[in-house]
Amino acid sequence: MHAQPLDLTRLWGEGWAVTFAPRTPAFCLDAMGVDEAAPLPDGLAAFARRTPFDGPPVLVAAAALDERWSVVVESEAQTGWVGTHPDVLEALAAPEAPACTAFSDPNKVQVVFREYGSSVGGLEPRTNRRWGHFGDRTRQSLREAGFPDDYATPQHPVPAAPSEGALALLAAQAITRTELRAEHLRGPWLGGLTAKPYPATHA
């Protein structure tokens, strides 16, 4: 269903998160705690000027994928990846269009999502370990992308991908039925700072 996904780990290293949402870039940033969103003239290069001493607050950037869908990029996780907050995913989801975040850091690579009106679901792309709510539509989308219904085994492996991060992106694209392409990374990008704290308990 999807072309070979971008290898964001090769592009950005181990620390990144991307959120797909059926909302406008401005709506996404507002849901993620950005008070003053503004255009980023040099796009994602703005992240390169950041250092661990800058945050929190941390920078997030959003761009349109098409007329309905947006992508939000994070490269700082001092307060946790904002796109994994259950309340953020709830705000970004729409009927028949879940919000989904794939993230990679030195400790884990995972995908978390929220279908409209449901609790959070998640998966570990390398093993296909799953938890939380998976509706029929999501299960079918993952199946069509080549993910087995249960734990990955030699007989029922996950799809081939250049890295675990690329595999996470493939799963996120399958869940949302979107695609992040290289041209999307050119923007235009809207960005801002957020200090949204990670919730003490997960939904």
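## Starting at Thr127

Let's begin with Thr127, which touches Tyr151 and Ala152 once residues up to four places away in sequence are set aside; touching, or contact, means heavy atoms within 4.5 Å. Before going on, a word on what you are looking at: this is a predicted model, where local features need pLDDT of at least 70 and side-chain atom pairs count only at pLDDT 80 or more, while totals for chains, interfaces and linings use all residues. Residues are numbered from 1 along each chain as its sequence is written, and side-chain values use heavy atoms, with hydrogens and water left out.

Where does Thr127 sit? Its place is the loop between strand E7 (120-124) and strand E8 (129-132). Helices (H or I, at least four residues) and strands (E, at least two) are DSSP runs, numbered from the N terminus. Thr127 counts as buried because its relative accessibility is 19%; buried means under 20% relative accessible area, exposed means over 50%, and partly exposed is in between (1.4 Å probe, protein chains only).

Asn128 has a positive phi of about 65 degrees although it is not a glycine. Is Asn128 buried or exposed? With a relative accessible area of 2%, Asn128 is buried.

Arg177 is another non-glycine with a positive phi, this one about 60 degrees. You'll find Arg177 in the loop between H6 and E9, and its relative accessible area of 42% makes it partly exposed. Pro188 is in the loop between helix H6 (164-176) and strand E9 (189-194). Which residue does a cis peptide bond join to Pro188? That partner is Gly187, with omega at about 10 degrees.

## Two exposed loop residues

His156 belongs to the loop between helix H5 (136-144) and H6. It counts as exposed, since its relative accessible area is 51%. Leaving out residues up to four places away in sequence, His156 touches Pro148 and Tyr151. His156 and Gly146 are 10 residues apart in sequence, and their C-alpha atoms are 9.3 Å apart in space.

Glu67 lies in the loop between strand E3 (58-64) and strand E4 (70-74). Its relative accessibility is 87%, so Glu67 counts as exposed. From Glu67 to Phe103 there are 36 residues along the chain, and 24 Å separate the C-alpha atoms.

## The whole chain

Now step back. The protein chain has six helices and nine strands, and its C-alpha trace spans about 50 × 35 × 35 Å along the principal axes. What radius of gyration would a compact globule with 203 residues have? It would be near 17 Å, and the protein chain has 16 Å, which agrees. That radius is taken over C-alpha atoms, and the globule rule is 2.2 Å times the number of residues to the power 0.38.

Buried residues make up 53% of the 203 residues. Among contacts with a separation of 6 or more, 64% come from residues 24 or more positions apart. The accessible surface of the protein chain is about 9,400 Å², with 52% belonging to carbon and sulfur atoms; such areas come from the Shrake-Rupley method with a 1.4 Å probe, and for residues only the protein chains shown count as cover.

As for charge, the chain has 17 positive and 24 negative side chains, and the centres of the two sets lie 3 Å apart. Lys and Arg count as positive and Asp and Glu as negative, while His and the chain ends are not counted. Each charge is placed at NZ of Lys, CZ of Arg, CG of Asp or CD of Glu.
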